[in-house]
Each structure stands twice: as structure tokens, then as C-alpha cells.
Amino acid sequence: MTKEELLALSASLGAALPSQASRRTLGEAVADLLGPEFTLLSGREGFLEFEHSKLDAPLVLVPGGSFLMGLRDADLDELTDLTGSNSMVSSVVSELRTSARPCHHVAVRPFLCGKRPLTHEEISRLTDGRVVRDSLYPDELLDFLSRVPGMRLPAEAELEFLAREGGRAAFVCDGAVVWEASGDWPERGRFGVENLSLGEWCADAWHPNYDGAPSSSEAWCEESGPGVVRGALPVGPDQDAAELVFGLAAFRRAAQDCDERGCFNVRLCVSL
């Protein structure tokens, strides 16, 4: 199977749940393409997971697709239904009306995405014990990525595609529906990727809005390094409805402006 045929097959699987045999065929082709460091784990629950020799966390095949990226009017309607009028929500929405617009269509190529962010044990092992935490500062990122050749941070467009469940949801993993019913937030989304509501690094440089944003899912980078953070939802038993604004799939922050002082979780991805 050529790389082009593999990508076409992978993209087609996003439209419907394939048979176990089709998943297995695709998984074996992906593993062959990527090389001996990758091992196909399973096709359970419709997800294809791969193990990398340097990581404990599996990587999940995301089939790709297309979606409308950015803050939509429908997102705000759903948010208002849940939160009503609130000064904090209004302030955050005002910022997003600038930073998460204009909305634009993005074509997402199939890729492998870390099932979850890296743990402090994994980061410690990959940095030879120099970093013993589950997050990294900006000046640690480039050295860290050099230790995992062939891997990269997710692009901002890829994370929003995942958060929107392929383009359908206003909130991360459609979590507001679950939260309204039970007070919980789903840990896993449609594609098998977990913990998307946590603050994590994107590969993109920070841009104050989407003017000139690419129509592909590649990271929007120039001279500067990673500067965008996705995910900021403080989920817990005392969750306030107003905090749901941070669970919007379009929510984005400049790392330099965050209270966490630029130290965020890391999820690794692989291009196909």
C-alpha cells in the first residue's frame, strides 16, 4: 500500500465505523509505514492504537476530515443557554471574538495523536531525569522534541478538530451535554483521545486572530516557537456553570499571558 493509498483509506474511515478486518489492514499498513519503533496494539472500540518504543502512552490514529475552525455563533448560543448572563463569560467571549475569528475551513490530514498527555515519569525518562514534572516550559520544548525524532506537538487545528469531535461539537468532546446531565466531563472523545480539556502546548506560534490562517492542519509557525495553549477547563465537583466558557472547543490562549507562567502539558503526535 502506498502512502497516498494509506492516507485515502484512513480518511475514508472517518465517515463510518469500519469492520475489524479493515481496521486491522489499515493498522498494519500504518505500522509498516512508520517503521520498527511502532507496534499495532489493537482495533478495540473502533480505535487503532500504536505503541512507540520510547513511550508508555499509546498513539491513536485520527482519520482526518474537514471542519470550520474558530468561534461560531452557534457555539455562543449553546454557551448562553447553559450559563445565562455572566460578566466573566462576557469578558472571555469578548476576547475570543477577536482571537478565535474569523472562522475558516480547515482540511485535517490523518495523523497519530498521543492518547493522553505525557506523564512526569515519561518526561523524566526522556530528559534523563533533568525534568521531573508532567509539563514543560517554553525553553525546554525544543530540547525535549529533539529527543523524540519523528514526533511533534499537535497543531492547533488538529486539537480543535479533536475537541469538536470532527467538527460537530461546540464544547470539548461535547462535554457540556454530559456536564449538564451529571456534573462530569468526558475524559475521552470520539477518536479515542483523552484529556483534551487540560492546558497543553500546540506547535503553532501565537497569532492574535485567524486573519491569514492556513486552510490545512499544519502548524501556523513563523520565526517564533510554540506559543499557543489549548484546554483550560477546571473540572471538579464544584464546577460553576460560568466556567464552561473555558470548555469551548474554540477556546485558545497565548502561553505568555497565562497564569501558569508558560508551563503546560505535552502531547506527542506523528505525521503520516
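Contact here means heavy atoms within 4.5 Å. By that criterion, and leaving aside residues up to four places away in sequence, Arg-72 touches Phe-67, Arg-101, Cys-103, Arg-164 and Gly-167. The structure is a predicted model, in which local features need pLDDT of at least 70 and side-chain atom pairs count only at pLDDT 80 or more, while totals for chains, interfaces and linings use all residues. Residues are numbered from 1 along each chain as its sequence is written, and side-chain values use heavy atoms, with hydrogens and water left out.

## Overall features and confidence

The protein chain contains eight helices and ten strands. Helices (H or I, at least four residues) and strands (E, at least two) are DSSP runs, numbered from the N terminus. Of the 272 residues of the chain, 53% count as buried. Buried means under 20% relative accessible area, exposed over 50%, and partly exposed in between (1.4 Å probe, protein chains only). Among contacts in the chain with a separation of 6 or more, 71% come from residues 24 or more positions apart.

The predictor's confidence in each residue is given as pLDDT, from 0 to 100. The chain averages a pLDDT of 88, and 88% of the residues score at least 70. Confidence is lowest in helix α1 (residues 3-12), with a mean of 62, and highest in α7, at 98. Where pLDDT is low, the predicted coordinates should not be read in detail.

Arg-72 is placed in the loop between β4 (65-69) and α3. With a relative accessible area of 16%, Arg-72 is buried. Its C-alpha atom is separated by 9.0 Å from that of Ala-100, 28 residues apart along the chain.

Two packed helices are described by the angle between their axes and the distance between the axes. Axes are lines fitted to C-alpha atoms, for helices over the stretch in contact, and angles run from 0 to 180 degrees between N-to-C directions. For α3 and α4 the angle is about 175°, with the axes 12 Å apart. This makes α3 roughly antiparallel to α4, given that angles under 35 degrees count as roughly parallel, over 145 as roughly antiparallel, 65 to 115 as roughly perpendicular and the rest as oblique. Helix α3 contributes Leu-76, Leu-79 and Thr-83 to the contact, and α4 contributes Val-89, Val-93 and Arg-97. By class, the contact of α3 with α4 has four nonpolar, one polar and one charged residues. In this scheme Ala, Val, Leu, Ile, Met, Phe, Trp, Tyr, Cys and Pro count as nonpolar, Asp, Glu, Lys and Arg as charged, and the others, Gly among them, as polar.

Gly-84 sits in the loop between α3 (73-83) and α4 (87-99). Gly-84 counts as partly exposed, at 36% relative accessibility. The C-alpha atoms of Gly-84 and Ala-241 are separated by 9.0 Å, although the two residues are 157 residues apart along the chain. The peptide bond from Arg-101 to Pro-102 is cis, with omega near 5°. Pro-102 belongs to the loop between α4 and β5 (104-108).

## Aromatic pairs

A search of the whole structure finds five aromatic pairs. Rings of Phe, Tyr and Trp (its six-membered ring) pair if their centres lie within 6.5 Å; planes under 30 degrees apart count as stacked, over 60 as edge-to-face and the rest as tilted. Two of these pairs are set out below.

| Pair | Geometry | Centre to centre | Angle between planes |
|---|---|---|---|
| Phe-171 and Trp-185 | edge-to-face | 6.5 Å | 75° |
| Trp-201 and Phe-264 | edge-to-face | 5.3 Å | 85° |

The pair of Phe-171 and Trp-185 links the loop between α7 (156-163) and α8 (175-182) with the loop between α8 and β7 (200-201), 14 residues apart. Phe-171 is buried, at 0%, and Trp-185 is buried, at 9%. Trp-201 in strand β7 and Phe-264 in the loop between β9 (252-254) and β10 (269-271) are 63 residues apart. Trp-201 is buried at 0% relative accessibility, as is Phe-264 at 2%. Phe-67, Phe-161 and Phe-191 form one aromatic cluster.

Cys-173 lies in the loop between α7 and α8, and its phi is near 55°, a positive value in a residue other than glycine. Asp-174 is found in the loop between α7 and α8, with phi near 55°, again positive in a residue other than glycine. Cys-173 is buried, with a relative accessible area of 5%, whereas Asp-174 is partly exposed, at 32%.
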